[in-house]
Every structure is written in C-alpha cells, then in structure tokens.
Amino acid sequence: MVSTLKKLILIISFICVLPIYAAQGYSYQIRVEQFNHVQLPCTATAISRYTFLTAAHCLEFLDLTNDIYIHVSDKRLAVESIYIPMEYYEASTLYGQSEGIEAMTAAHRQAARFDIAIINFKRLLPRSFRRVNLILNRTKEGSAVSITSGGIKRDLNLHNLDNEVYLVKGNNMDDPLTVSGDSGGPLFLRDTKSQIGVLRGSSATDTESASIYTPIYLHQR
C-alpha cells in the first residue's frame, strides 16, 4: 500500500507551477492576468475561433467583474466572459473542507465532475491556433487515449470511475502521469484531435499513480 504522505502529495499536485506548451500540437500554455498580476500557468485548448477550454480551478479565484487577459504564446488576449459550472464552487468548497486521505480523494474526484471552464475572448483568435474536436458522448472503459505529461505525449487506456469521471493510470507509484502546469490540458482519443476530457490533476490509487479528467460530455448544454 502507498504511504499516506505519498498519496496526499499526488492528490494535491494538480496546482499549476511549471510552463508547458503543446499537447499533440493542439493545446497551449496559458497565463491569466488580472490587476497587473500574471498567474502561474495552466493548459488550454481552442474549441472555436473565440473560445478556450480549460479547468475551472485555473480561474476560480478571479474577479469576474474586472478586466481579465490571457497570455498565450506571444499574445495578450482580452477576455469577454468566463463560464464555470456553479456546481464546481460547492464541490471545491467540500474538497477544501475534507479531512483524511479517503475523504480528500473522494471529494477531489467528485469536484472533477465539474472542473471545467470556457473562456470567451473579445476578438477572434489568430488562425494559427489549432482547434480540437469535442466528443459529446461517454467514452468506453478501456478506450485508447493520449495525454501529455510535462509536454510529452503518452498513450494509455481509459478507466471510468463510478461517478463518471475519467481516470488514467501510470505503471506504478513512481510514474507520475501529469505534472504541475498540465492542469486544464486535454485527454484525447489516441492519435486524434478529438478531446474527451479536461485535466483536474493527479489522484493516486493504491498501487499506481493516476490522473483524473472532467468528462466533456457531462457539460453539453
């Protein structure tokens, strides 16, 4: 069994701290700016000429009534609006209040049902930004998928948790799948630009490292 400390480190390691660029050429490192302060990086995908998809926890502390900018590549893009599911805030609060590894793991994975955000920009994105396709139906257990770990593409197989959240596993506890800065990054069907999930972060099992993703199909509104 993995030690309590090691499990805890894996659970909280989704916080963004390292710069990442490009997952299969279809995701981008972003930094959020507000009040002249530029935050630590996350990852996002372009889903239309006006829109990025990322994780809610990359944006949850913003004041949505004041100007927000997104830095990506050498661009500084003005934000028109941000959408985060209301359920995310309640789930995130419960996660923050949870105590003990089992309770934290359960709350972390429950929050992953809603850890998704849409960023709408005031102007069209440059044509050089490559857009992904979104898969709006549940992907089957065992499906071939691809993730990016620290900018390196990895091919894995998909697991479906009981609460519908997607999970991918590493080879063992010393094989972390995602690193800080990957948050908000895509889970793709293997060898495609078809995105099925958004990274919440690491979430250990008893025998392997693992990362969990918010399924996009849960949010087709």
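These legends accompany several close-up views of one predicted model.

**View 1. The whole chain, for orientation.** The chain contains three helices and 15 strands. It has 221 residues, and 54% of them count as buried. The accessible surface of the chain is about 10,400 Å². Carbon and sulfur atoms account for 52% of that surface. Contacts between residues at least 6 apart in sequence were also sorted by separation. Of these, 69% join residues at least 24 apart. The chain has eight salt bridges in total.

**View 2. D74 and K75 meet in a salt bridge.** The side chains of D74 and K75 pair here, with an N to O distance of 3.5 Å. D74 has a relative accessible area of 67%. The mark for exposed is over 50%, so D74 is exposed. K75 has a relative accessible area of 32% and is partly exposed.

**View 3. K153 and D191 bridge two parts of the chain.** The salt bridge between the side chains of K153 and D191 spans 3.7 Å, N to O. K153 lies in strand β10, residues 152-157. D191 sits in the loop between β13 (186-189) and β14 (194-202). The pair therefore ties together parts that are 38 residues apart in sequence. K153 is partly exposed, at 37% relative accessibility. D191 is exposed, with a relative accessible area of 60%. The view also takes in D155. K153, D155 and D191 are linked in a network of salt bridges.

View 4. The closest N and O atoms of D175 and R154 are 2.9 Å apart. R154 belongs to strand β10, while D175 lies in the loop between β12 (166-169) and β13. This pair ties together parts that are 21 residues apart in sequence, because its two residues sit in that strand and that loop. Both D175 and R154 are buried.

View 5. S209 is in the loop between β14 and β15, the latter covering residues 210-215. The relative accessible area of S209 is 1%. Buried means under 20%, so S209 is buried. Neighbours within four places in sequence are set aside for the contacts of S209. With those left out, S209 touches V168, K169, G170, N172, M173, D175, P176 and L177. One of these contacts, D175, is also the salt-bridge partner of R154.

**View 6. S202 is buried in strand β14.** S202 is found in strand β14. Its relative accessible area is 3%, and S202 is buried. The view also includes V179. S202 and V179 are 23 residues apart along the chain. The C-alpha atoms of S202 and V179 are separated by 8.0 Å.

**View 7. Twelve residues line the second largest pocket.** The second largest pocket holds about 220 Å³ of space. Twelve residues form the lining of this pocket. Among them, I118, L134, I216, H219 and Q220 lie nearest the centre of the pocket. By class, the lining has nine nonpolar residues, two polar and one charged.

Conventions
Residues are numbered from 1 along each chain as its sequence is written. This is a predicted model: local features need pLDDT of at least 70, side-chain atom pairs count only at pLDDT 80 or more; totals for chains, interfaces and linings use all residues. Side-chain values use heavy atoms; hydrogens and water are left out. A salt bridge is a side-chain nitrogen of Lys or Arg within 4 Å of a carboxyl oxygen of Asp or Glu. Buried means under 20% relative accessible area, exposed over 50%, partly exposed in between (1.4 Å probe, protein chains only). Helices (H or I, at least four residues) and strands (E, at least two) are DSSP runs, numbered from the N terminus. On a 1 Å grid over the protein atoms alone, a cavity is a set of points where a 1.4 Å probe fits but cannot get out, and a pocket is an open set with protein on both sides within 12 Å along at least five of seven lines; lining residues have an atom within 4 Å of a point. Grid points are joined across faces, edges and corners, and a volume is the space filled by probe spheres set on the points. Ala, Val, Leu, Ile, Met, Phe, Trp, Tyr, Cys and Pro count as nonpolar, Asp, Glu, Lys and Arg as charged, and the others, Gly among them, as polar. Contact means heavy atoms within 4.5 Å. Accessible areas come from the Shrake-Rupley method with a 1.4 Å probe; for residues, only the protein chains shown count as cover.
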